[in-house]
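Please look over the sequence and the three-dimensional structure below before reading on.

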Amino acid sequence: MSKTIIVSNRLPVKVNITDGELSMQASEGGLATGLGSIYKEGNNVWIGWPGTEVAEEQQKHVTNQLKDLRLSPVFLTKEDILLFYEGFSNEILWPVFHYMSTYARYEDEYWESYRQVNEKFKTAILQVAEAGDTIWIHDYQLLLLAGLIRRELPNITIGFFQHIPFPSYELFRLIPWRSELLEGMLGADLVGFHTYDDARHFLSAATRILQLQSSSNIVTYNQRSVVVESFPMGIDDTKFNDLVLTNDEVRNNISHLEESFTNIRMILSIDRLDYSKGILQRLQAFDIFLQEHPEYKEKVSLYMIVVPSRDTVTQYKELRDEIDKLVGNINARFRTNTWSPVNYFYRSFPLEMLSALYSFAEICLVTPMRDGMNLVCKEYVASRTHNDGVLILSEMAGASKELIDAIIVNPNNVRQMSAALVEALNMSEDEQVRRMTQMRMLVSKYNITNWVKVFMERLEETKRLQLSLQAR
Ligand code: GDG
């Protein structure tokens with residue numbers, strides 16, 4: 001019986017080893033939820049890194065424990081994590097793909113490690129893959145993998161999905177290993193992105209850098225037709241809706257918020273610490289808003305959660321310091337004895353608190369400089385069970401192509417963002433409901449289950465197309 005093999009850098013569980021004792025923590029992420037129904041069926045399996053360094057003598061034990069969960073680990077060394085993950089993935093691909101190319105450090109040893117780790121993943125896949133299987137590879141850490149597998153198993157079905165943006169040709173061409181990366185991706189039968197623009201940028205890079213022929217969204221590489229398309233990812237909308245309506249802890253948290261924020265209207269923002277998320281620009285906009293609209297003093301607060309991430313890297317550390325400074329500055333200038341304009345948290349929160357905040361906040365402010373999709377804004381919409389609330393959304397987030405009933409802003413235009421806050425605070429109930437209802441319908445219809453189904457069906461169709469072309 002043929003099977004589906006899901007591959008991503010991280011497994012949907014995090015393995016913890018303390019004093020030799022093994023424990024596992026399931027990921028609550030959307031991808032884990034969406035693919036959960038797939039990798040647990042039949043002989044299917046999910047291959048990835050268990051999220052921690054595992055000593056050699058413990059690897060067999062970890063492998064056996066994960067096997068029962070239909071998970072298969074790829075073990076990475078400290079050096080792999082430093083060079084492949086933090087180096088090539090996060091100091092080259094992440095900044096360039098998010099249009100921050102000046103942050104990129106093109107180190108040969110990063111590339112060497114990236115190649116080797118992609119080979120490690122290939123070896124893990126070849127141990128389980130058989131003719132007739134379908135392999136679905138995820139994200140920018142594994143750009144070479146499809147090509148490596150294709151060489152060994154020329155007829156196997158491979159889908160690749162990239163969760164972050166694909167930059168314009170002018171940016172992508174800066175990477176010294178641009179051809180190798182493209183050739184790796186073109187090992188897939190179907191290459192998917194969140195938006196039409198990302199797909200277009202990829203096609204343009206492939207045809208210009210590798211001089212390939214393309215027609216519409218199909219590019220020919222090594223006599224194979226590779227289909228390139230957009231598949232905007234959705235969320236588990238029912239989960240967020242039901243948390244608000246039926247979860248006691250969430251209800252409790254909402255009551256506490258109502259007590260602490262009596263007569264104060266909340267603007268919510270939630271991101272991982274990252275320069276792509278536009279956190280500083282958001283604070284600047286809020287600063288302008290407070291300066292120009294003193295009538296909102298003691299009436300509006302920004303509740304800003306920044307989840308710690310990569311903060312050993314210089315740019316991230318600097319960003320964190322800048323945020324601290326700006327928040328301190330705004331609060332020092334505007335706060336009163338009973339009111340803080342910015343409630344800033346540098347930590348993560350349990351899902352039950354996130355859900356309560358989504359439900360309580362009148363406005364959600366999502367202003368990345370670049371974002372593949374951005375799931376926070378969809379989670380906010382799915383949590384608005386009364387159909388009210390206003391989403392302010394950056395046009396640079398993939399989600400802005402779908403959530404057109406948000407107030408759409410350019411995150412570089414801090415005055416426009418400040419004006420958007422005023423517009424949101426004054427939006428009539430009817431208008432809020434009209435917009436939110438539209439957005440909720442969309443988030444519900446194109447949810448994570450639908451996303452997985454559409455991608456898998458398209459992959460199957462693509463393979464059929466390939467076989468029929470080959471037979472001619
Ligand atoms: C990449 C792409 C694309 C956040 N804080 C807490 C918490 N979260 C959860 C949110 C949301 C997720 O983290 C963040 O998802 P995003 O989509 O916003 O961003 P990335 O992590 O950068 O994801 C992105 C995505 O892949 C999917 O393709 O949309 O563009 O960059 O689900 O809820 N969860 C908990 N506590 C927190 O404090 N429990």
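## A residue in a turn

Ser216 counts as exposed, because it has 8 C-beta neighbours inside 10 Å; the cut-offs are 12 or fewer other C-beta atoms within 10 Å of its own for an exposed residue, 20 or more for a buried one, and partly exposed in between, with C-beta atoms placed from the backbone. Ser216 lies in the loop between β9 and β10 (218-221), and its phi is near 55°, a positive value in a residue other than glycine. Strands such as these are DSSP runs of E with at least two residues, while helices are runs of H or I with at least four, and both are numbered from the N terminus.

The model is a predicted one, in which local features need pLDDT of at least 70, side-chain atom pairs count only at pLDDT 80 or more, and totals for chains, interfaces and linings use all residues. Residues are numbered from 1 along each chain as its sequence is written.

## Two hairpins

β9 and β10 form a hairpin with two residues between them, and these antiparallel strands are joined by three bridges; two strands are said to pair if DSSP finds at least two bridges between them. Within this pairing, Ser214 stands opposite Val219 in β10.

β10 also pairs with strand β11 (residues 224-230), in the antiparallel sense and over four bridges, and here Val226 in β11 is the bridge partner of Val219. These two strands again form a hairpin with two residues between them, where Asn222 in the turn has a positive phi of about 50°. In a regular strand the side chains alternate between the two faces of the sheet. In β10, Val219 and Tyr221 make up a covered face, whereas Ile218 and Thr220 make up an uncovered one.

## The sheet as a whole

An open sheet of nine strands, with mixed pairing, has the order β5-β4-β1-β6-β7-β8-β11-β10-β9. β5 (71-73) and β9 (213-215) stand at the edges, each with a single partner strand, so one side of each is left without a neighbour in the sheet. Neighbouring strands of this sheet are turned by 20° against each other on average, direction ignored; such angles are taken between N-to-C directions and run from 0 to 180 degrees, with axes fitted as lines to C-alpha atoms, for helices over the stretch in contact.

Helix α5 (residues 145-152) lies across β1 (4-10), β6 (134-138) and β7 (157-161), and runs at about 175° to β7.

## Around the ligand

Which residues are the closest to the ligand? They are His163, Ser348, Gly372, Met373 and Leu375, in a shell of 20 residues that surround the ligand, where a residue is near a molecule if its C-beta atom, placed from the backbone, lies within 6 Å of it. β12 (265-272), β13 (300-307), α13 (351-360) and α14 (376-383) each supply at least two residues of this shell.

The shell divides into 11 nonpolar, five polar and four charged residues. In this grouping Ala, Val, Leu, Ile, Met, Phe, Trp, Tyr, Cys and Pro count as nonpolar, Asp, Glu, Lys and Arg as charged, and the others, Gly among them, as polar.

Methods:
Contact = placed C-beta atoms within 7 Å.
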